[in-house]
Amino acid sequence: MHGDVISGAPVPRPLNVRWIHGSPSAKHNADPDIQVHHYDEHTVILRQNKAVDYEAPFMFLLFGNDKAVLIDTGATESAEFFPLRQVVDQLIEHWLAEHPRDGYDLLVLHTHPHGDHVAGDAQFAGRPGTVVIDAALGSAWDYFGFVGDPDRVARVDLGGRMLECLATPGHHEAAVTFYDPRTGLLLTGDTVYPGRLYIEDWPAFRRTIERLIAFAGTRPVTHVLGCHIEMTTEPGVDYPIRTTYQPDEPQLQMTVDQLRDIHMAIDEIDRNGGQPGRHAFRDVIICIGTS
């Protein structure tokens, strides 16, 4: 056993990635089904091809000394059109070639149970050394210990890499945010990302944003990474729903200052009566009671 994953103060790394973003003709799209970006030696960011599914969600594969964790499994069940298991297996194989060890496991977790984040779960059924935690409220929150204590900070030990996990309802009652102290990445799922923030529980969403800001005030956060990009580079303007071509996307990564901006946006919406509908701001569209 080699202690290859070393935790310490996170070093901010640039994330100037040209993500695959669809093409004018989905039929003639030549992008890979899944884009693979190595954020660092032990951290991989994946994006699903918009020609496979317009949601084009991001997924995250983090390696520890004892196991890896895959956070979210994308929007497509079919391994033929979306070979997530194959890509993850290859990434783990390559990582193990550089960091040999025996008995390496895989844990599959989720930011929340919407279909575009869990569709690939079935591809991992029967995979040796693999545990898939169902994303539904009861099973996921039981795993993290949130059922009796939704305010706790749960921890997932990968071996030399300890993730911190927070219950963050608002977008969905079972939503979870992950913080990786090794990289400083705050993985916010569909709670915060450059796009349309669909809110099913407005008071819970406010509490979640306040909690994330407070949490980030006690930890070094290098990037806030959600699971989609839906905005254009023009402030306050998003791409149409179901678009399969987004040539002018902003960056995926957001900042703690942008979390504070979202909190100010919540205050503004409340001052104006908290009406349902779309509320456009520079970096996000807050959608209350819409889908």
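In which sense do strand S2 and S3 pair, and over how many bridges? I looked this up first. The model is a predicted one. S2 (residues 43-48) pairs with S3 in the antiparallel sense, over five bridges. Across that pairing I found Ile 45 opposite Phe 60 of S3.

Next I followed S3 to its other partner. Strand S4 (residues 67-71) runs antiparallel to S3, and four bridges join them. Here Leu 61 stands opposite Leu 70 of S4. A hairpin of three residues links S3 to S4.

Then I asked why S3 (residues 58-63) counts as largely enclosed. Six of its six residues are buried, so the rest of the structure largely encloses the strand. I noted the side chains too. Phe 58, Phe 60 and Leu 62 point one way, while Met 59, Leu 61 and Phe 63 point the other way.

My last entry is on helix H5 (residues 256-271). Its 16 residues, at 1.5 Å a residue, should span 22 Å. The end C-alpha atoms are 23 Å apart, which agrees. I listed buried residues of H5, among them Leu 259, Ile 262, Ile 266 and Ile 269. Seen down the axis, the buried residues of H5 fall within an arc of 155 degrees, so they line one face. Met 264 and Arg 271, on the other side, are exposed. The buried residues pack against several elements, including helix H4 (202-216) and strand S10 (185-189). Just after H5, I saw that Gly 273 takes a positive phi of about 100 degrees.

Terms used:
Residues numbered from 1 in each chain as written. Predicted model: local features only at pLDDT ≥ 70, side-chain atom pairs only at ≥ 80, totals over all residues. Heavy atoms only, no water. Buried < 20%, exposed > 50% of the residue type's maximum accessible area, 1.4 Å probe, protein only. Helix = DSSP H or I, 4+ residues; strand = E, 2+ residues; numbered from the N terminus. Pairing = 2+ DSSP bridges. Expected span 1.5 Å × (residues − 1). Arc of directions from axis to C-beta. Contact = heavy atoms within 4.5 Å.
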